[in-house]
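This briefing goes through ring pairs, salt bridges, nonpolar cores and a surface patch, in that order. Please look over the entry below before reading the points.

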Amino acid sequence: MKRIFTFCSLLLFISGWSQQDAQYTQYMFNHLAMNPAYAGTRDVLDVVLQHRTQWTRMDGGPLNSSMAFQMPIGKKKAGVGVELLSEKIGPKSIGSIRGSYSYRIKLGPGKLSFGLKMGVNSYHYDWNKIKYRDLNDPFAGDNGQDQWTVISADFGMFYYTKSFYSGLAITHLNQNRLYELSDTLYNETQVPHLFLPVGVGIQLSEHLVMNPSILLKATVAAPLDLDVNCNFLIDNKVWLGAGYRMGYGVSLLGLWNISDHLRMGYSYDYGLNRIGAVGRGSHEFMLGYGIGWNTTKTLTPRYL
C-alpha cells in the first residue's frame with residue numbers, strides 16, 4: 001500500500017526555513033558538492049558520479065543524483081568545476097547546473113583556496129502528486145503544476161595540507177524567492193547554508209591510516225547539524241568507516257580504490273529518530289575517475 005504524501009508535502013513546506021541543500025554521507029570524498037573552493041585541489045581532471053536514495057520505505061522520499069567535473073588550471077594555481085544535479089522529493093523536483101572557480105595561495109605547510117560558485121536551479125512542483133487527508137483543505141483543489149528558475153551564488157574557503165583539511169562554505173548568498181502561495185504562511189526562499197568540515201589523516205602503521213572528520217551544518221531557524229565520522233584506509237586500497245549524524249542516526253561506508261584512477265564507494269544510513277523509524281535506511285553510491293592521477297602517497301582523503 002502506498003504511503004500518503006502528506007509527510008512529503010510537509011517537508012516541502014517547511015523547507016522554506018530549514019535544511020534545503022542535499023546531504024551526502026560520503027562528503028569527505030567529494031567536497032565540491034558543498035564548497036567551490038575545492039575545485040582543482042586534487043590536481044587532476046576528476047569526474048564523480050553520486051546517487052542517493054533516502055528513506056527507502058517512504059514513497060516520495062528524496063532522490064539525489066549528481067555528476068561533477070573539476071580540474072586545475074593556470075599552472076595549478078586555480079581550479080574550475082562543473083556540477084549537474086537532479087533532486088526529487090515528493091511533488092518537488094530540482095534540476096541544477098553549477099560552475100565553480102577557485103584560486104589558491106601557499107599558506108604555511110599547506111594551501112588556502114578561495115572559491116565562488118554560480119548555479120541555475122529549476123524548481124518544478126507537481127501538486128497532483130499530493131494526497132490530502134483532509135479534502136476540505138484549501139489547497140486540496142490546487143492540482144496544477146508550477147515552475148521557477150533562479151540563480152544561486154555560493155562562496156567557500158578550503159585549507160589543506162598532506163594530513164589535514166578544513167573548510168568553510170556559504171550557499172545561496174542572494175536568497176532568491178522560490179514560490180509564494182495564496183497566503184503568507186507557505187513561502188519558500190533560498191536561505192544561506194553554512195558548512196564547516198574538518199578532517200585529519202593519522203598514520204597508524206605502514207598499512208593503516210585513520211581519518212576522523214566532522215561536518216558542522218547550520219542554516220536559518222533550524223537546529224545545528226553535526227556529522228561525526230571515522231574512516232580507515234587499509235593498504236591504500238580500501239576505506240571502511242562509520243559515522244553518526246546528530247539527531248538522525250548512524251551510517252556505514254566503504255570505498256575501494258580499484259586502480260590509480262578509478263574508485264567506487266557505497267554508504268548506508270539508518271535513522272534512529274522518528275523519520276528514520278518510518279523511512280528506514282538510505283543508500284548512497286559513488287563512482288570517481290581521475291585523469292593524470294597523483295600516485296604520491298598521502299594521508300588526506302582529498303586525493304581519493
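Rings of Phe, Tyr and Trp (its six-membered ring) count as a pair if their centres lie within 6.5 Å; planes under 30 degrees apart are called stacked, those over 60 edge-to-face, and the rest tilted. By that rule the structure holds 6 aromatic pairs. The model is a predicted one.

**Aromatic pairs**

- Tyrosine 125 and tryptophan 148 have ring centres 5.1 Å apart and planes at 80°, so this pair is edge-to-face.
- The pair links distant parts of the chain, with tyrosine 125 in strand E5 and tryptophan 148 in strand E6, 23 residues apart.
- Tyrosine 125 counts as buried because its relative accessibility is 0%, while tryptophan 148, at a relative accessible area of 26%, is partly exposed.
- Phenylalanine 158 and tyrosine 160 make a tilted aromatic pair, with 5.8 Å from centre to centre and 35° between the planes.
- Phenylalanine 158 and tyrosine 160 are both buried.
- A cluster linked by ring pairs takes in Tyr38, Phe158, Tyr160 and Tyr165.

**Salt bridges**

- Side chains of opposite charge can pair when their charged atoms come close.
- There are 8 salt bridges in the structure.
- One of them joins arginine 263 to aspartate 46, and their closest N and O atoms are 2.9 Å apart.
- Arginine 263 is in strand E16 (residues 262-271) and aspartate 46 in strand E1 (residues 45-53), so this bridge ties together parts that are 217 residues apart in sequence.
- Both arginine 263 and aspartate 46 are buried.
- Lysine 117 bridges to glutamate 83, with 2.8 Å between the closest N and O atoms.
- Because lysine 117 sits in strand E5 and glutamate 83 in strand E3, the pair ties together parts 34 residues apart in sequence.
- Lysine 117 and glutamate 83 are both buried.
- Aspartate 227 forms a salt bridge with arginine 245, the closest N and O atoms lying 3.1 Å apart.
- That pair links distant parts of the chain, from strand E13 (residues 225-234) for aspartate 227 to strand E14 (residues 238-245) for arginine 245, 18 residues apart.
- Aspartate 227 is buried, as is arginine 245.
- Arg42, Asp46 and Arg263 belong to one network, joined by salt bridges that share partners.

**Nonpolar cores**

- In soluble globular proteins, nonpolar side chains tend to be buried together.
- The largest nonpolar core here has 22 residues, and those with the most contacts inside it are Tyr27, Met28, Phe29, Phe158 and Tyr165.
- At least two residues of this core come from each of E6, strand E7 (164-171), strand E12 (208-219) and strand E15 (249-257).
- A second, separate core has 6 residues, among them Ile94, Tyr123, Tyr125 and Val150.

**Surface patch**

- A nonpolar patch on the surface, with about 990 Å² of accessible area together, is formed by residues including Leu49, Met67, Phe69, Val82, Ile151 and Trp256.
- Strand E2 (63-73), strand E3 (78-89) and strand E5 (110-126) are the elements that give two or more residues to this patch.
- Isoleucine 151 is found in strand E6 (residues 145-160).
- Its relative accessibility is 45%, so isoleucine 151 counts as partly exposed.

Conventions
Residues are numbered from 1 along each chain as its sequence is written. This is a predicted model: local features need pLDDT of at least 70, side-chain atom pairs count only at pLDDT 80 or more; totals for chains, interfaces and linings use all residues. Side-chain values use heavy atoms; hydrogens and water are left out. Patches are made of residues with over 30% relative accessible area and no salt bridge: like charges are joined within 9 Å, nonpolar side chains (Val, Leu, Ile, Met, Phe, Trp, Tyr) within 5 Å. Accessible areas come from the Shrake-Rupley method with a 1.4 Å probe; for residues, only the protein chains shown count as cover. A salt bridge is a side-chain nitrogen of Lys or Arg within 4 Å of a carboxyl oxygen of Asp or Glu. Helices (H or I, at least four residues) and strands (E, at least two) are DSSP runs, numbered from the N terminus. Buried means under 20% relative accessible area, exposed over 50%, partly exposed in between (1.4 Å probe, protein chains only). A nonpolar core is a set of buried Ala, Val, Leu, Ile, Met, Phe, Trp, Tyr and Cys residues joined through side-chain atoms within 4.5 Å.
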